[in-house]
Amino acid sequence: MFGKCVVCFIVSIFSLGISLFFGFLEKGIYSFSGSPGFSGNPCREIQDLSEGWDILDSQRVPKGKTNLPKNLFPVSPGFVYLSRNVVYSSPSEECSLAFYLGKVSENLRIFWNGQSIYDQEEYEDRYDRTRILYGIPISSENRIDLYIRGYFPKEIGVLSGTPKIGPADKIRKEYYVFQISLLILISLFFLIGFYFLLLGLKETSLSSNLFFGIFLVLFSVYEFLGSEWKYELGLSFSDCKKLEYCILPFLFPSFFAFLSGFFGVRMGKVSFLLFLWSVLCASIFYFSESILNMDHWNRTLLQPSWIPYCTLILLRMIDRIRSGEKDAFGFLGAILVLFVSIGLDIAIARGIADLPRTSGFSVLGLIVFSGFRLSQRFIEMKLELEVWNGKLQEEVKSRTEELRESLQEARAMKEKQDGDYFLMGILQKSFESKLDSYAMFRLETLSSQFKKFEFKGKTWELGGDAIWMEEVKLGEKTYLALMNSDAMGKSLQGAAGSLLISALFRAKILSFDSSPQPPENWLVGVYQELHRVFQTFDGNLFVTGVFCLLDPETSSLFLLNSDHPRSVLVRRGIAGFLEEDSNPKMGFPFDSTQVRVIGLSLEEGDRILIGSDGREDLRLREESSEIRSFSEEFLNIASESPSDLESIRKRIRMLGDFTDDLSLVQMVRESSEETSRASGKRSEISKRKTLQTAVSFWKSGRRKEALLRFESLALTHPMDLELSYLTAWALYKSGNFDRARIYSEKILYRESKKEENILLLAKIYFKLGYSKDRIVKFLAENGLDGESFFRTTNILKKAS
């Protein structure tokens, strides 16, 4: 606890140090102390005129003394006369002096030895400009008289800047040194803010970066508009002031949002109402016709709203301190200094207190500390991510040790025997699936590559077909993942593609995050990832394939076909194709927006046959040696042949000679026992009860509990699309748009013509911030009018 308090104290001292640094820079710490008699050389040294001013009444009779700068409203509310003697003991040379007065409330008249040197009888659009008068004549005894009237309520006098007189070149130099230093600092903060803004837009999960960038950019623009540079650059005074007042309401909301994002706290209803209030104030400023009106609304509407903001920030910091957040102590110290400075400035502006303004400089310490901690937090997150990536790599390495050993063995044999084909054959062997059963399913595979060769007296084969089966877990559900692929080309090219897709598919399973998700979404994710990898070959390597997930509990099969020969279902002795059309082959140079997945409930005795085009593309044993496709004949073979793949291959061989690699996979649903049927009935009864409970919870307002049951049902019964639609709808209604998208897209993959789901998914995309063009295109691709979705009459539908 002591160490955290020390951090808070150090940050407070740091903020005060920055404030004092710029305060001394503006005052000019090298100026000589002011007194009526100046013993130095007035043409070479600057005299400080901040002390010893006489306050005169309307008859020019002294009624007190004061120091400048100071708000003299409590002393003389309407106008004020100020006078001071400037005596030089020995003016040794003739020179041009400059009188630096600082920022003065309107209206202003200046007399030097009774002669008017500045006369501003009416309000000019430059009330916040620093007054510097050049060409002041020099004599031994001089007198300065100031006549000042107020413009803003409760403000009168020299409000900022240390009055001084001295050589014109030195006065000018001090002025521009300060302004250039301030401009450099403003530019630096603007660039830093712009960097964090871009970083926040790129990394949407780190909202603190975005809001901190917005705050810095707004603060930099605000400080620039309040500086002297708008006059130096000839910008419109009224436009700059209006923009300055419009930016002011958003400084507190953006900083509050940054703190909330930094500490991982959600914005509440009070903060949202305060933000709407800030928007209202900015709108009033924008439509105000005069600066006096904007100042009035600033004092009466905007500044009181800062009190609840300050209260919320302090409460949030105290809460974070209690939670053990070490950064909260540092922020609390810097924020307390800033709040004190802002409170003093408001009191000064209202004529309550008589102190120099400090908030403009105190905020710099807070910004520097915030930027430092935000950058440090980003570095810590990056280091943590690297640690997790290292752990993930180690886990993948441990799970693929068998593959690595095979690669090492193959490389050793290549070096000794120089057998490229042998090497590829060994690598392909390492991916051969050894499963022959899974739950109540009998599994059988057959692979015969077209390229045959001999090595070391043995016959080997090499080709582009691959089969892989392995168990994968999606949440609490366990599936059998199956892949049958055919890479373009025979021999080495096909083998290279086969090895690549096998390794990618296996690595995907081994490194997969087993979070709950529908099987359709998992299949589409695998397909799209492999598709993108093969697109990098620029059309030189295509792969077709079938990806399946088999649910042993419900005997459900989910299948995605990527331009592979159609799969066959044999039921009660009748064979038929499962797919009407297929998805583009992997590596094809365009992205398919509508991926199709087939869902099928298997019955007892059902057989599924999956195979490459080697089963159909045969060369006739005739003089023409013509190659024909025997797609329909394969259906007859599948229905008439015994349920083993070797018999099927022999029947195919009777039609012609093989011209390509051949791979076949067969899944047979074995006869189940009576207990399995009873289990199915119990599962159906449990499903209905759970659904009734979830609906009851939903109607009673217990949505969180209802959603848990809806999702559990949708994942446990993946074939039931109505459950998935109900889950997607409930998640959408509850504002969980990311999860709603998953279940709605699952339905789209299975039934792309389900209009109610397409409209629901379009609404979800709309809530997730998808562009209008993207949603219109999505609806048009599914046969719906995309433009009508964005008509005014449909706004309530989109929000419902």
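This is a predicted model: local features need pLDDT of at least 70, side-chain atom pairs count only at pLDDT 80 or more; totals for chains, interfaces and linings use all residues.
**Aromatic pairs**

A pair of aromatic rings is described by the distance of the centres and the angle of the planes. The count of aromatic pairs comes to 27, and Tyr-81 with Tyr-147 is among them, forming a tilted pair with 4.8 Å from centre to centre and 45° between the planes. Because Tyr-81 belongs to strand β5 (residues 79-88) and Tyr-147 to strand β10 (residues 141-149), this pair ties together parts that are 66 residues apart in sequence. Tyr-147, with a relative accessibility of 13%, also counts as buried, since the cut-off for that class is under 20%.

The rings of Tyr-765 and Phe-778 have centres 5.3 Å apart and planes at 75°, and the pair is therefore edge-to-face, the class for angles over 60 degrees. Tyr-765 is found in helix α21 (residues 755-767) and Phe-778 in helix α22 (residues 772-781), so that this contact ties together parts 13 residues apart in sequence; both Tyr-765 and Phe-778 are buried.

| Pair | Centre to centre | Angle between planes | Class |
|---|---|---|---|
| Tyr-81 and Tyr-147 | 4.8 Å | 45° | tilted |
| Tyr-765 and Phe-778 | 5.3 Å | 75° | edge-to-face |

Aromatic residues also gather in a cluster, which is formed by Tyr-195, Phe-196, Phe-212, Phe-215, Phe-219, Phe-255 and Phe-258.

**Charges over rings**

Two contacts bring a charged side chain over an aromatic ring. The charged end of Lys-391 sits over the ring of Trp-388, at 4.6 Å from the ring centre, while Arg-615 lies over the face of Phe-634, where the distance to the ring centre is 4.2 Å.

**A three-stranded sheet**

Strands in the order β26-β25-β27 make up an open sheet of 3 strands, and their pairing is antiparallel. Because β26 (627-629) and β27 (657-658) each have a single partner strand, they stand at the edges, and one side of each is left without a neighbour in the sheet. Strand β25 (residues 617-619) is joined to β26 by 3 bridges, with the two strands running antiparallel, and Leu-618 has Arg-628 in β26 as its bridge partner.

**A nonpolar surface patch**

Phe-190, Leu-191, Phe-194, Leu-198 and Leu-201 together make a nonpolar surface patch of about 490 Å². Leu-198 has its place in helix α2 (residues 168-202), and because its relative accessibility is 46%, Leu-198 counts as partly exposed.

Notes: Residues are numbered from 1 along each chain as its sequence is written. Side-chain values use heavy atoms; hydrogens and water are left out. Patches are made of residues with over 30% relative accessible area and no salt bridge: like charges are joined within 9 Å, nonpolar side chains (Val, Leu, Ile, Met, Phe, Trp, Tyr) within 5 Å. Accessible areas come from the Shrake-Rupley method with a 1.4 Å probe; for residues, only the protein chains shown count as cover. A salt bridge is a side-chain nitrogen of Lys or Arg within 4 Å of a carboxyl oxygen of Asp or Glu. Helices (H or I, at least four residues) and strands (E, at least two) are DSSP runs, numbered from the N terminus. Buried means under 20% relative accessible area, exposed over 50%, partly exposed in between (1.4 Å probe, protein chains only). Two strands pair if DSSP finds at least two bridges between them. Rings of Phe, Tyr and Trp (its six-membered ring) pair if their centres lie within 6.5 Å; planes under 30 degrees apart count as stacked, over 60 as edge-to-face and the rest as tilted. A charge sits over a ring if NZ of Lys or CZ of Arg is within 6 Å of the ring centre and within 35 degrees of the ring normal.
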